[in-house]
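Here are a few friendly notes to read alongside the model. Keep the 3D view open and find each residue as you go.

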Amino acid sequence: MSQKPQLKIAIVGGGYAGLAAAIELKAQGFGGSATVFDARSFHQKITQWHKLARGERAATYELPFALLSRRFHFNFSQRRVDVVKLLADPERELRGKFSAIIIAQGSHSPPAPTGVWTLDALRDDAIVQTEVQNTTGKVITIVGGGPTGVQFAFEFAARGNRVTLYEARDRLLPTFDYSLGQTAEAEARSAGIEIRLNTEITQVEHETVTSRSGATESSQRADHVLFVPGVRSTPSITCDVSGRVESNQHPNIFAAGDSSYFSGRGLNTKSAQAAVRKGQHVARSVIAAAMQRPLPEYTYGELGYFVSLGPNNAVGYLLSQKTAFSGRAALMLKEATERQYNLYLAGLPVYP
Ligand SMILES: Cc1cc2nc3c(=O)[nH]c(=O)nc-3n(C[C@H](O)[C@H](O)[C@H](O)COP(=O)(O)OP(=O)(O)OC[C@H]3O[C@@H](n4cnc5c(N)ncnc54)[C@H](O)[C@@H]3O)c2cc1C
C-alpha cells in the first residue's frame, strides 16, 4: 500500500466473518485501529460443536478474545450491539464515532418450544452442554435435517442413543444437491438413525413429540429434543458486490457472514468458508473505500463442503455437488478444513 489510511473501524461480532475481517485488516497493513464488539468473551469454533455430543468440552473449541486481540492487534469490547439501532444511528449505538463499521453478528435459533435443546442453548447454556456431553442410551428426537441436525444425529447414535431425525423437506441436507442428502441418508440408515422426511413437528410437550406427514399425525416419546430447523439472521442485511450495506444513509457500513447477502456472483451460503471469505473481502473493501479506490467485487465460489457423520465418517463434495461421497476420504477432507481454520487462527495465511 502506498499510504496507510488511519481508520477507526468497528466490527460487530467476532465469529468466522468478523474475526477474518480483523485478521485481514492487519494483513493488509492498515494504519488505524479496529475494535471487535462481541456479546461473548470468546470466539467459538462452532463447526466443531457436534463434538460436545462425543463428550468433549465446549472450552476446547473456544478461544478467548483477550488472546486473539493481542495476536491480531485489535481492541475488544464485550458488548451485545443492537444491529437495528446501529443501522439507524451508529454513533449512538456504538457510543463513539467510527470511520467504517462491519456487521457480522451471525445467526441465531428460531423460536422454539420450551424444554428443547436449541442451538443458542448449546452455545451458551452450561447445563445443556453438560446434558449433551453425558447423554448415552437415551431416546433422542432431532428436528431439522440440515448440517447441524445431521452432525449431532451421528454423534448421539455413536454413543448408543436411539435417534430419530425429522426433516420437513424431502431429503437430508436440503440446501444442497440431492446427491449429498441421499449419501447422508444411506449412511444414517446404516448407523441405525431413523429418518422421517416430509414430516413436520407440530407439538413438543413434556416428553412427547407430535408430528405430521401429509394428513397423518403421530406421536413419539423422547428423552430429549434437539430443535435445529435452520437458523435465523435478523436483520438479514443486503449488500452490494463489495459488501457495502445497501439503502443505508451511512455509506461506510459493511456486512459479512451469515447475516449478510451480497449481490453478484459470489457465494452466499451460511457456511464458515463463505463467512471467512466475506470477512476478508469487506476488510479489503473498507480499505479501498478509505483510499478512494474502486471497491473489489466478491466472487468467492466454494470448492467443496463436508459434514461430519460421527467420529469415523463424513460426507461432502469437491468441485461438484452432484458427486457427493462419504467415508475415509470425506472424513480426511472435513478434518483438513478444521485444521486449516486452526492454522488461520494461529496466524498463518492459509486463506489466500
Ligand atoms: C453446529 C454447527 C455446525 C456447523 N458446521 C459447519 C461446517 O462443518 N462447515 C461450514 O462451513 N459451516 C458450518 N456451520 C455454519 C458456520 O458455522 C456459520 O456459517 C458461520 O459460523 C457463520 O459465521 P458468522 O461470523 O457469520 O457467525 P458466527 O460464527 O456465529 O459469529 C457471530 C458472532 O457474533 C456474536 N454476536 C451475535 N450477536 C451479537 C450482537 N448483537 N452483538 C455483539 N455480538 C454478537 C456472536 O457471539 C458470535 O461470536 C455450522 C454451524 C453450526 C451451528
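Predicted model: local features only at pLDDT ≥ 70, side-chain atom pairs only at ≥ 80, totals over all residues.

1. The unreviewed UniProt entry places the feature "domain: FAD/NAD(P)-binding" at residues 8-279.

2. Now look at the ligand. There are 31 residues around it, and those that come nearest are Asp38, Arg40, Val81, Asp258 and Lys334. By type, the shell holds 12 nonpolar, 11 polar and 8 charged residues.

3. Next, zoom in on some polar atoms. A nitrogen atom of the ligand lies 3.2 Å from a backbone N or O atom of Ala39. Arg123 uses its side chain: an N or O atom there is 3.2 Å from an oxygen atom of the ligand. With Lys270, a polar backbone atom is 3.2 Å from a ligand oxygen.

4. How much of the ligand's accessible area does the protein cover? On its own the ligand has 1000 Å², and the protein covers 92% of that.

5. Several elements give two or more residues to the shell: the helices α1 (16-27), α5 (119-124), α7 (147-158) and α9 (272-290), along with the strands β2 (33-38) and β18 (304-308). The largest share, 3 residues, comes from α9.

6. Finally, step back to the domains. Why does the ligand lie between domain 1 and domain 2? Both domain 1 (8-107 + 233-302) and domain 2 (117-229) give residues to the shell around the ligand, so the ligand lies between them.

Notes: Residues numbered from 1 in each chain as written. Heavy atoms only, no water. UniProt positions renumbered as here; feature names shortened; annotations may be inferred. Near = heavy atom within 4 Å. Polar contact = N/O pair within 3.5 Å; in protein donor to acceptor, adjacent residues only side chain to side chain. Areas by Shrake-Rupley, 256 points an atom, 1.4 Å probe, with all protein chains shown as cover. Helix = DSSP H or I, 4+ residues; strand = E, 2+ residues; numbered from the N terminus. Nonpolar A, V, L, I, M, F, W, Y, C, P; charged D, E, K, R; others polar. Domains from an automatic or database assignment.
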